[in-house]
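Please open the model in your viewer and keep the selection tool at hand.

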Amino acid sequence: LQYINTYTPKEKIEKKARKVSVLRKKSESTYASLNADELNLSKYPAIKDLKSSKEQIILAMYILTIEKKGEWFKNSDIEYIMPNLFDVHVTKDTVSNAFRQKSWFDTQKAEDDSKSQKHRLLAQAKAFAEKIIAENKE
């Protein structure tokens with residue numbers, strides 16, 4: 001009872017302002033200069049017709065590797081390549097999930113961005129892509 005009689009409210013502490021998230025400028029993909037005509041896509045099944053996004057991403061990487069247009073791919077490169085060259089929508093999660101099978105990809109830190117990694121296909125992933133091509137021959 002004495003506490004109630006002698007209670008004085010504490011000074012109100014000002015709440016800290018929330019940090020406003022800053023949109024980071026997306027870096028230009030190293031594959032921005034490519035177009036679909038350079039890739040001899042007639043030799044491969046249509047990526048749009050494949051069932052899983054993992055198959056689509058692996059086949060896209062395989063095509064670019066075989067056609068000597070690139071070997072190492074950052075997640076942001078795949079996010080650029082899929083809709084712009086192959087007309088397939090992918091999300092960041094879809095792309096990162098495709099790289100879960102560690103034995104299929106060689107992974108390194110990207111030199112230009114300390115937070116991102118770059119990937120390239122290893123023999124197992126190339127064999128998987130060749131199997132997809134064989135199964136989907138017209």
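**Salt bridges, stop by stop**

Select Arg120 to begin: with a relative accessibility of 25%, Arg120 counts as partly exposed, a class that lies between buried (under 20% relative accessible area) and exposed (over 50%), computed with a 1.4 Å probe on protein chains only. This is a predicted model, in which local features need pLDDT of at least 70 and side-chain atom pairs count only at pLDDT 80 or more, while totals for chains, interfaces and linings use all residues. Residues are numbered from 1 along each chain as its sequence is written, and side-chain values use heavy atoms, with hydrogens and water left out.

Asp106 counts as partly exposed, at 22% relative accessibility.

Now select Glu71, which forms a salt bridge with Arg120, where the closest N and O atoms are 3.2 Å apart. This pair links distant parts of the chain, 49 residues apart, with Arg120 in strand S3 (residues 117–121) and Glu71 in the loop between H2 and strand S1 (73–74); helices (H or I, at least four residues) and strands (E, at least two) are DSSP runs, numbered from the N terminus. Glu71 counts as partly exposed, at 37% relative accessibility.

Finally, move to Asp87 and Lys48, whose side chains meet in a salt bridge of 2.9 Å, N to O. Both Asp87 and Lys48 are exposed.

Conventions. A salt bridge is a side-chain nitrogen of Lys or Arg within 4 Å of a carboxyl oxygen of Asp or Glu.
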